[in-house]
Amino acid sequence: MAYHSFLLEPISCHAWNKDRTQIALCPNNHDVHIYKKEGSGWTKIHVLKEHNGQVTGIDWAPESNRIVTCGTDRNAYVWSLKGDVWKPTLVILRINRAARCVKWSPKENKFAVGSGSRLISVCYFEQENDWWVCKHIKKPIRSTILCLDWHPNNVLLAAGSCDFKCRIFSAYIKEVEEKPAPTPWGSKMPFGEVMFESSGTAGWVHGVCFSDSGNRVAWASHDSTVAVAEGGKSATITSLTSETLPLLCVTFITENSLVAAGHDCYPALFVYNGDKGALTFGGKLDVPKQSAQKGMTARERFQNLDKKASESKEAVLESLHKNSISQITILEGGKAKCTKFCTTGMDGGMVVWDVKTLESAMKDLKII
Amino acid sequence: MSKNTVSDRFRKVDVDEYDENKFVDEEEGGENQIGPDEAEVDSLIRQGNMMGALQAVLKNPPINTKNQNVKDRAEGLVLKVLSSFKSSDIEKAVQSLDKNAVDLLMKYIYKGFERPSENSSAVLLQWHEKALAAGGVGSIVRVLTARKTV
């Protein structure tokens with residue numbers, strides 16, 4: 001489990017390219033830095049300067065190799081690689097508050113931006129005008145949209161919001177796609193239709209994720225709960241209140257297992273049992289280094305008493321990340337059989353977690 | 001500096017009330033929530049059945065009601081039960097509660113902290129320590145983020 005410290009500042013957001021050799025991240029300022037893996041280190045190869053405010057979301061489309069970024073300057077840019085330079089194209093989002101998150105759709109012909117203007121901008125490229133156009137989803141959102149995730153059918157969009165609800169909307173754009181087939185979430189999907197709205201959890205929804213099949217959606221909210229909803233005639237919601245600090249990001253690693261991380265600085269595994277409708281805590285996924293517990297000499301004891309007013313070595317955060325983890329991305333294996341995932345956090349560091357190594361390191365860990 | 005001679009009554013207007021985008025919680029109609037049954041709890045305390053009294057006082061929390069009296073009465077009752085426990089029994093009592101009950105107990109404890117009386121804080125702090133061990137920081141986070149307070 002390699003920990004790489006990119007900066008001393010928080011990493012606001014990150015995105016990987018298709019073959020996972022390059023990572024684009026925002027070092028808590030107005031730019032996007034792209035690093036390339038060279039050997040065991042990372043070198044900065046590009047700096048994308050266009051935003052006038054902090055970049056709050058980055059997404060890298062694997063097939064078309066375009067990057068979309070959004071920021072607190074109420075703008076989004078689509079970047080294309082021309083030769084060796086990334087060229088931006090402005091997208092007018094028609095919002096009057098900061099943009100908070102952005103995601104390419106699975107087919108990469110649309111992207112959605114969540115913002116503080118209490119709406120979602122779904123943007124698609126209009127060939128005739130050579131311009132990105134956006135449509136708004138407004139009702140019934142009542143507060144900032146914090147997180148987004150697309151359903152594999154390229155039409156449904158899950159959004160977590162500060163009005164304490166996780167909703168699934170239809171983002172069907174007739175100009176760029178065919179009518180979608182019925183799904184467990186519903187069959188009629190006109191643009192902006194609410195297919196599902198959560199209830200039962202309080203707290204802002206920080207992270208939302210569809211499972212690989214799209215039949216399940218999981219969200220993490222600020223009241224320290226994780227919930228999973230399964231689509232069906234009546235969507236069933238199962239939630240788990242946890243004893244930890246709130247989780248900020250969540251992702252499925254198989255159809256039944258979720259990894260979530262947040263203010264406790266370590267990723268945790270949750271297991272969902274669809275038949276029993278139960279969500280259980282699977283274990284901490286951090287492997288703390290076994291520091292050699294030497295006995296303390298009397299001198300050290302008095303020194304500690306003098307310096308820190310307590311005899312024991314005060315609890316240093318034993319996790320790999322030293323500050324809250326703000327984002328998780330899947331590196332290998334997809335959401336169905338993830339083998340590697342990556343976390344970045346407010347400590348400016350990035351860790352790549354290997355699922356096989358975690359499974360063998362923790363005896364009771366079972367990822368089904 | 002210069003004295004304002006024009007009326008300043010406009011400064012007392014609460015502008016947030018007139019904001020059309022103001023977030024209003026959904027009303028979930030809790031008009032029939034009357035709080036824990038006082039008679040039942042009192043009789044259990046008199047019988048010395050402290051565990052039973054704790055379970056009874058944690059029933060029917062007046063979460064949805066807007067009636068402040070009901071909430072105050074409930075809080076007073078909970079405080080009475082918590083104070084009549086012996087310190088050594090607190091841990092066992094907390095262990096007997098399920099997750100939702102521990103969260104509810106935390107809510108009452110913090111409500112009690114808001115209006116301290118002579119002895120209440122000491123008792124509440126003892127309960128807080130044991131409830132924290134059972135519910136973790138998550139239960140405190142839920143007290144802070146709850147829209148419907150007890």
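In this predicted model, chain B and chain A bury about 1,300 Å² between them, 53% of it on carbon and sulfur atoms; buried area is the accessible area (1.4 Å probe) that two parts lose on being put together, summed over both. B:F23, B:K99 and B:R142 supply 36% of the area that chain B buries against chain A, more than any other three residues.

**Interface**
- Chain A gives 17 residues to the contact and chain B gives 15, where contact means heavy atoms within 4.5 Å.
- Zero salt bridges are counted between chain B and chain A (a side-chain nitrogen of Lys or Arg within 4 Å of a carboxyl oxygen of Asp or Glu).

**Backbone**
- A cis peptide bond, with omega near -5°, leads from A:K139 to A:P140.
- A:P140 lies in the loop between β13 (131–137) and β14 (145–150) of chain A; strands are DSSP runs of E, at least two residues, and helices are runs of H or I, at least four, numbered from the N terminus.
- A:R74 is not a glycine, yet has a positive phi of about 70°; A:R74 is in the loop between β7 (66–71) and β8 (76–82) of chain A.

**Basis**
- Residues are numbered from 1 along each chain as its sequence is written, and chains are lettered from A in the order in which they are written.
- Local features need pLDDT of at least 70, side-chain atom pairs count only at pLDDT 80 or more, and totals for chains, interfaces and linings use all residues; side-chain values use heavy atoms, without hydrogens and water.
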